[in-house]
Amino acid sequence: MIALTIPPARRLALEHLCLDLNGTIAFGGGLLPGVEERLRMLDGAVAIHVVTADTNGNAAALLRGLPLTVRHIEREQQGKAKADYIRTLGAKSCVCMGNGFNDREMLQEAGLSIAILGREGASPHALGAADIVIADVLDGLDLLLCPERIIATLRD
């Protein structure tokens, strides 16, 4: 668990990391360089989940051997499905990262939400739903590895 107190009084107990696949940790059908290493570093601190409609049909192969759970969702109503999934985990115990319109509901529900701009860009709806907006997923994962950076960004 990653426990944070953000002044003046926001407390977070983050047990789950929920990630979008395409546009967030993968681009053009491949995992972004550096993602695997950071996910392995986060293993044990949080349970890692990748929530995806598997647009490219390669999620299982792409993520094989990584310390995470893959949650496949239907292509219809993806935003609702992602939000429903984190609710089953306890939404306030989740840190979620995504970039798409279909990530906005998950980002709104999460205890901590990080929108990723990335090479694919980001939906303004995802940006508006996020606590933090960051340019690159590696920087987002690094925030979890060095949580004092989150406090510095969100404190009052």
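Reader: In β8, which residue is the bridge partner of Cys-18?

Author: This model is predicted. Strand β3 comprises residues 16–20, and its pairing with strand β8 (residues 94–98) is parallel, over 4 bridges. Within β8, the bridge partner of Cys-18 is Cys-96.

Reader: Which residue in β6 does Cys-18 stand opposite?

Author: Strand β3 also pairs with strand β6, which covers residues 47–52. That pairing is in the parallel sense and runs over 5 bridges. In β6, the residue opposite Cys-18 is His-49.

Reader: Are the residues of strand β3 buried or exposed?

Author: His-16, Cys-18 and Asp-20 point one way from β3, whereas Leu-17 and Leu-19 point the other way. Of the 5 residues in the strand, 5 are buried, so β3 is largely enclosed by the rest of the structure. The residues on either side of β3 are therefore described by one word: buried.

Reader: Why does Val-46 count as buried?

Author: Val-46 lies in the loop between α1 (35–42) and β6. A residue is buried when its relative accessible area is under 20%. Val-46 counts as buried because its relative accessibility is 5%.

Reader: Leaving aside neighbours within four places in sequence, which residues is Val-46 in contact with?

Author: The contacts of Val-46 include His-16 and Leu-17, which point in opposite ways from β3.

Reader: How far apart in space are Val-46 and Asp-131?

Author: In sequence, Val-46 and Asp-131 are separated by 85 residues. In space, their C-alpha to C-alpha distance is 19 Å.

Methods:
Residues numbered from 1 in each chain as written. Predicted model: local features only at pLDDT ≥ 70, side-chain atom pairs only at ≥ 80, totals over all residues. Heavy atoms only, no water. Buried < 20%, exposed > 50% of the residue type's maximum accessible area, 1.4 Å probe, protein only. Helix = DSSP H or I, 4+ residues; strand = E, 2+ residues; numbered from the N terminus. Pairing = 2+ DSSP bridges. Contact = heavy atoms within 4.5 Å.
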